[in-house]
Each structure stands twice: as C-alpha cells, then as structure tokens.
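Here are a few notes to read alongside the structure. Take them one at a time, and find each residue in the viewer as you go.

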Amino acid sequence: MTATLHYFYDPLCGWCYGAAPLVKAARDVIDVKAHGGGMMTGARRQPVTPQLRGFVMPHDARIAQLSRQPFGDAYANGLLRDTTAVFDSEPPTAAILAAEALAGRGLDLLAALQVAHYVDGRRIADRAVLIELAGAIGLPPAPFADALDRQTGAAVQAHFEETRSLMAQVGAQGFPSFVLEIGGVMTRVDASRHMGRPQEFQDWLREQTPQTDISADRRFACDADGCAL
C-alpha cells in the first residue's frame, strides 16, 4: 500500500526550519510531497525592520532550543538588521518548484535555502542567490534559470492556491503541517513530540506501515509557537 507524507511549508517559516531534520529523516522511509503555502507573499511580504527582528528573535530562540537547529550570527545580526531586505516567499518557492520539475530536487533546495537564510543570512528572494544555491546542490545554472522563469508568476500562484485548498480540505492550520496519506486516506498527524529527535521520528514512521517500511504519521499543527497562515 502506497504512503505519502504531505508537507505544508514556507521557506521563510522558522518552525519549518526547525522541522528540517524531521523532514530529512522522513524522506528515508516515505515519499514526502512538499506544498508551499506562500506565507509571506503579496500584501504579506515583510520588509526587515527593528520591529520584525524583535518579533522573530524570541521565536527563533524557542525553535533553536527545541529543534537544536543553528541560527547564525549573519542572520541574527546581519540579515535581521538589514532594513533594505524584504522577506518574500514567492521567489524561493518558485525556485523549489523549479528544482523539483527539473530534477526532483525540490526538498533538497528547500533545505539549502533554509541554511542560507537562517545560518548564512542570505537574501533568498534574490534571483541570483537562488541560481547560485541551486548550482551548489548540483543543478546547472542555465536550465535551472529557465525552469525558474517557468515557475514564476502564474505557476507559483496556482501552486499556492492548490496548497491552500488542500490545507482547507484536511484542516491544516499553518506551517509546518503534515498529513499522512495511506491508500487515499488523509490523516493529520503530530510530529511536534519528535522535534529535535529525527532518529526517533524515523523509527516511529517505520512502525506506522510495516508492510511497506515507508510510512509516516505526522502532524505539526501551528499553535502559539508556530507559524500562522
């Protein structure tokens, strides 16, 4: 029986960065399908301000404590102090779609983008940065740039709409959220108890569908510490 873990994410969601080791562990035992939700797009794009930094820093500290994910000084005291920067989820999500369409590497690029943002303090909404990071995971620049162009604009907007429709259908409230599909049955599942313990999570996933050895049961519904849609 086939099993898929649906992963609802945003590349600028700190809790999604915190869940990155769990996603990596899950990919070893189950097919993971990523759905970008466009948390910071359109009117929700966020220019970097002292107020934004003051808001996200306590959340980042909480994420680091629970997930053991590193947050770099180039992010905390570089990017988050750069008032010329704008946080925009659309370009990096389009890049993830391009990497997936080009080589099935969408989740690999997401992981690279998260490190670039939260550790290295890079502007992951910039086209040149996206092409550079795609190259760093082995995607040739010219074909990737063409794929990025095809996923920009209407294509990524359609993806956001599809994601939000599916989230509404399954009752997912924010990012990150996880839904397990087995034999066409969709179930929201809770992975927050495994935060910071990816091996434990992977072992638990195996237990859910021993007949295939690629299963997961995982929900990470946003709460007061999560990311609202």
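1. Does Phe71 count as buried, exposed or partly exposed, and what is its relative accessibility? Keep in mind that you are looking at a predicted model. Phe71 comes out at 23% relative accessibility. Buried means under 20% and exposed means over 50%, with partly exposed in between, so Phe71 counts as partly exposed.

2. A pair of aromatic rings is described by the distance of the centres and the angle of the planes. The count for this model comes to eight aromatic pairs. One of them joins Tyr17 and Phe71, with 5.2 Å from centre to centre and 90 degrees between the planes, which makes the pair edge-to-face. Look at where the two partners sit: Tyr17 belongs to helix α1 (residues 14-18), while Phe71 is in the loop between α3 (50-67) and α4 (73-76). They are 54 residues apart, and the pair links distant parts of the chain. Tyr17 is buried, with a relative accessible area of 3%.

3. Stay with Phe71 for a moment, as there is another ring to find. Phe71 also forms an edge-to-face pair with Tyr118, at 5.5 Å centre to centre and with 80 degrees between the planes. Tyr118 lies in helix α6 (residues 106-118) and Phe71 in the loop between α3 and α4, so this pair ties together parts that are 47 residues apart in sequence. Tyr118 is buried, and its relative accessible area is 2%.

4. Which residue lies over the face of Trp204? The answer is Arg193, at 4.8 Å from the ring centre.

5. Finally, step back to a pair of helices. The axes of helix α5 (residues 90-103) and helix α8 (residues 141-151) come within 8 Å and cross at roughly 120 degrees. That angle makes α5 oblique to α8. As for handedness, α5 passes α8 in a right-handed crossing.

Methods: Residues numbered from 1 in each chain as written. Predicted model: local features only at pLDDT ≥ 70, side-chain atom pairs only at ≥ 80, totals over all residues. Heavy atoms only, no water. Phe/Tyr/Trp six-rings, centres within 6.5 Å; stacked < 30°, edge-to-face > 60°. Helix = DSSP H or I, 4+ residues; strand = E, 2+ residues; numbered from the N terminus. Buried < 20%, exposed > 50% of the residue type's maximum accessible area, 1.4 Å probe, protein only. Lys NZ or Arg CZ within 6 Å of the ring centre and 35° of its normal. Axes fitted to C-alpha atoms, helices over the stretch in contact; angles between N-to-C directions. Parallel < 35°, antiparallel > 145°, perpendicular 65-115°, else oblique. Left-handed = near helix turned anticlockwise from the far one by under 90°.
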